[in-house]
Amino acid sequence: GATESIGKAVDYKITGIDPGAGIMEATDRALEDYNLEKWDVVTGSGAAMTAALKKAYDKEEPIIVTGWSPHWKFAKYDLKYLEDPEGSYGGAEEIHTIGRLGLEEDLPEAYQVLKNFHWTEEDMAEIMVEIIDGEDPKVAAQNWIDANEDKVAEWTDGVEKVDGDTIKFVYVAWDSTVASTNMMALVLEDLGYKVEMSQVEAGPMYTAVADGSADVLLAGWLPITHATYMEKFEDKLDDIGVSMEDVKIGLVVPTYMEIDSIEDLKE
Ligand code: PBE
């Protein structure tokens, strides 16, 4: 039947990203929830996933990827989420800003801005799309700031400038996180901070904030995506605030594929 040929056509493979990403754990869960014993999730990276997506899309070939929003791929390609009646991927998620213990006392001005930080999917997408179109991430972030001074002014309202204190961001090379981290780094630099950004894998990102070797991460996807990390480090992290609501993870396919639900992957 048609569904059998989808599995065969993609060799029973879902194109995943880095192994530490929460979406990979959720995808393993989905394979169990939907009894997809024949299927595998291929690990890689966000960049490898979008490269594979582009290659398939340009030839109108079938592909199933681990996807999330906000992400520029929805602006560039006609894509859809597969329905998830078992709820393996959870529902609407939030992006939390998560700091090390003691950050509020040590860097109160930065902490206030991080607490105030809140923006929309469209805001983040503007930066992501510029980056994928070839702009340097810092320049794309600065362009967004220049065009949205009112928003930045709300986050920094009443916050005093500092004189060269260091703040250390830790992030993973997920396109959404690259956009937010570059943007907030520039906002804090403008307040007088010396900002360090280190790019790591997901597990080390949480470990760094939990052990205090980094100050803050902007990519805390909750309540589901990073539940395992949050449970592991619960009392060693400060859940500072929510920067975005209604974000989402799931399995994503081009709209030219004739499936609508993860259930359609069953034989
Ligand atoms: N993501 C983007 C991450 C969180 C941010 C959905 C790829 C994850 O799966 O852990």
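In the predicted model, helix α10 is mostly covered, with 13 of its 16 residues buried. The helix, formed by residues 175–190, has end C-alpha atoms that are 23 Å apart; at 1.5 Å a residue its 16 residues should span 22 Å, which agrees. Just after α10, G192 adopts a positive phi of about 110°.

Helix α2 comprises the 12 residues 22–33. From its first C-alpha to its last, α2 reaches 16 Å, close to the 16 Å expected at 1.5 Å a residue. Five residues of this helix, namely G22, I23, A26, T27 and A30, are buried. These residues cover an arc of only 135° around the axis, and therefore lie on the same side of α2. Strands β1 (13–15), β2 (40–42), β3 (65–69), β8 (216–222) and β9 (237–254) are included in what covers the buried residues of α2. N35, which follows α2, has a positive phi, near 55°.

The protein is divided into two domains: domain 1 consists of residues 2–91 + 249–265, and domain 2 of residues 94–246. Taken over C-alpha atoms, the centres of domain 1 and domain 2 are separated by 27 Å. Contacts between the domains involve 17 residues of domain 1 and 19 residues of domain 2. On the side of domain 1 that touches domain 2, α2 and β3 each supply at least two residues. The largest share of that side, four residues, comes from α2. By class, the side of domain 1 that touches domain 2 contains eight nonpolar, seven polar and two charged residues.

The ligand is surrounded by 13 residues, of which A21, G22, I23, W68 and W174 are the closest. At least two residues of the shell around the ligand are supplied by each of α2, α10 and β8. In composition, the shell has nine nonpolar residues, four polar residues and no charged residues. Both domain 1 and domain 2 give residues to the shell, so the ligand lies between them.

Conventions
Residues are numbered from 1 along each chain as its sequence is written. This is a predicted model: local features need pLDDT of at least 70, side-chain atom pairs count only at pLDDT 80 or more; totals for chains, interfaces and linings use all residues. The expected span of a helix is 1.5 Å times one less than its number of residues. A residue is buried if 20 or more other C-beta atoms lie within 10 Å of its own, exposed if 12 or fewer, and partly exposed in between; C-beta atoms are placed from the backbone. The arc is that of the directions from the helix axis to the C-beta atoms. Two residues are in contact if their C-beta atoms, placed from the backbone, lie within 7 Å. A residue is near a molecule or strand if its C-beta atom, placed from the backbone, lies within 6 Å of it. Ala, Val, Leu, Ile, Met, Phe, Trp, Tyr, Cys and Pro count as nonpolar, Asp, Glu, Lys and Arg as charged, and the others, Gly among them, as polar. Domain bounds come from an automatic or database domain assignment.
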